[in-house]
Amino acid sequence: MTLPLTQTGSQTSSGIDAGYIWFDGELVPAAEAKVSVLTHALHYGTSVFEGIRAYATARGPAVFRLKEHAERLLDSAKILGMPRTLSVDEVSEAVLATVRKNGRDACYIRPLMWYGSDSLGVNPGKNRVHFMVATMPWGVYLGEDAVREGAKLVTSSWRRSPGDVLPTKAKAGGNYVNSVLANQEAKDGGFDEALLLDKEGYVAEGSGENIFFLKGGTLYPIAHSINLRGITRDSVVQIATWMGTPVEPTMATRDELYIADEVFMVGTAAEVTPVSFIDRRPIGSGEAGAFSLKMREVYLDAASGKVPEFEHWLSYINR
């Protein structure tokens with residue numbers, strides 16, 4: 001018995017226009033990309049994935065920091081003990097081929113590796129590892145209002161899972177139940193996003209973002225051992241340094257964020273999103289900060305090929 005990932009045409013069951021999907025080495029219409037309901041990853045969360053963006057540039061679509069995302073995907077697979085069946089170049093080529101086939105100027109890209117349905121025991125060793133790439137339209141993650149006015153965060157009652165409970169350096173499907181619960185709690189409370197702490201009360205990250213704060217002209221990226229290696233975080237650190245802003249990675253408690261001049265979140269989906277309130281306390285003036293908005297502007301310019309110093313981050317579809 002099989003469970004289709006999609007319904008008819010190129011529409012997924014959620015209405016997303018998926019077009020063609022790279023599925024185990026072939027580009028197939030989304031409606032033909034199917035997996036068994038006995039898939040190991042469906043029952044146990046044994047998958048690894050990436051979120052990547054392609055941006056419109058003067059030279060056509062370009063994927064942002066593709067090599068780094070492909071490397072992190074395979075690192076995640078290694079952490080979960082998945083057999084290495086693909087190389088960084090093969091993952092990258094599959095991504096480029098899928099974006100090219102779907103003819104999108106800009107899109108969100110979801111590569112996924114998962115254990116199949118050969119065995120349903122907890123140990124996944126008898127299962128084949130599958131690989132797919134999907135592309136889809138994707139706008140501003142938290143909405144235009146959150147960017148323009150600043151996102152409203154609330155500290156979640158759910159703590160970020162520590163590294164001795166789950167492999168936090170792997171972008172693994174099972175890990176994200178933690179994020180889902182925190183995000184649901186925040187949304188149900190009328191907030192834009194959740195802020196997660198570790199078991200000792202230090203700020204970890206958002207449900208899908210890294211956190212930065214600005215104080216006295218210095219930019220402080222939250223540096224925590226349990227955080228996923230953030231590619232957007234690294235990009236923002238490099239851009240800030242290029243802009244001449246002092247950068248000092250740090251750990252922080254949430255009350256340090258309350259008194260920051262500015263706070264913003266970064267991630268592939270969120271890009272750079274200013275924060276205006278945390279736990280109903282205004283950050284700075286309670287509006288999207290000027291530095292945060294400038295960083296978003298420069299980041300998007302870099303991702304769109306408008307900053308020559310960072311053009312090496314782009315993999316152009318039309319080569």
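1. A polar contact here is a pair of N or O atoms within 3.5 Å; within protein, one must be able to donate a hydrogen and the other to accept it, and residues adjacent in sequence count only if both atoms are side-chain atoms.

2. The model is predicted: local features need pLDDT of at least 70, side-chain atom pairs count only at pLDDT 80 or more, and totals for chains, interfaces and linings use all residues. Residues are numbered from 1 along each chain as its sequence is written, and side-chain values use heavy atoms, with hydrogens and water left out.

3. The domain assignment gives domain 1 (20-136) and domain 2 (144-304); such bounds come from an automatic or database assignment. Contact (heavy atoms within 4.5 Å) involves 21 residues of domain 1 and 22 residues of domain 2. The area buried between them is about 1,800 Å², with 57% from carbon and sulfur atoms; this is the accessible area (1.4 Å probe) that two parts lose on being put together, summed over both. In domain 1, Tyr55, Phe64 and Arg72 lose the most area to domain 2, together 32% of what that side buries.

4. A salt bridge is a side-chain nitrogen of Lys or Arg within 4 Å of a carboxyl oxygen of Asp or Glu. The structure holds 14 of them, and 3 cross the interface of domain 1 and domain 2. Glutamate 271 pairs with arginine 53 at 3.4 Å, N to O. Arg53, Glu271 and Arg296 are linked in a salt-bridge network.

5. Aspartate 17 and arginine 104 also form a salt bridge, at 4.0 Å, N to O. Aspartate 17 lies in the loop between β1 (2-4) and β2 (20-23) and arginine 104 in the loop between α3 (88-102) and β8 (107-115), so the pair ties together parts 87 residues apart in sequence. Helices (H or I, at least four residues) and strands (E, at least two) are DSSP runs, numbered from the N terminus. Arginine 104 is buried, at 12% relative accessible area, whereas aspartate 17 is partly exposed, at 29% (buried is under 20%, exposed over 50%, partly exposed in between; 1.4 Å probe, protein chains only).

6. Threonine 168 sits in the loop between β10 (151-155) and α5 (176-188). Threonine 168 is buried, with a relative accessible area of 14%. A polar atom of the threonine 168 side chain lies 3.0 Å from the backbone oxygen of isoleucine 226.
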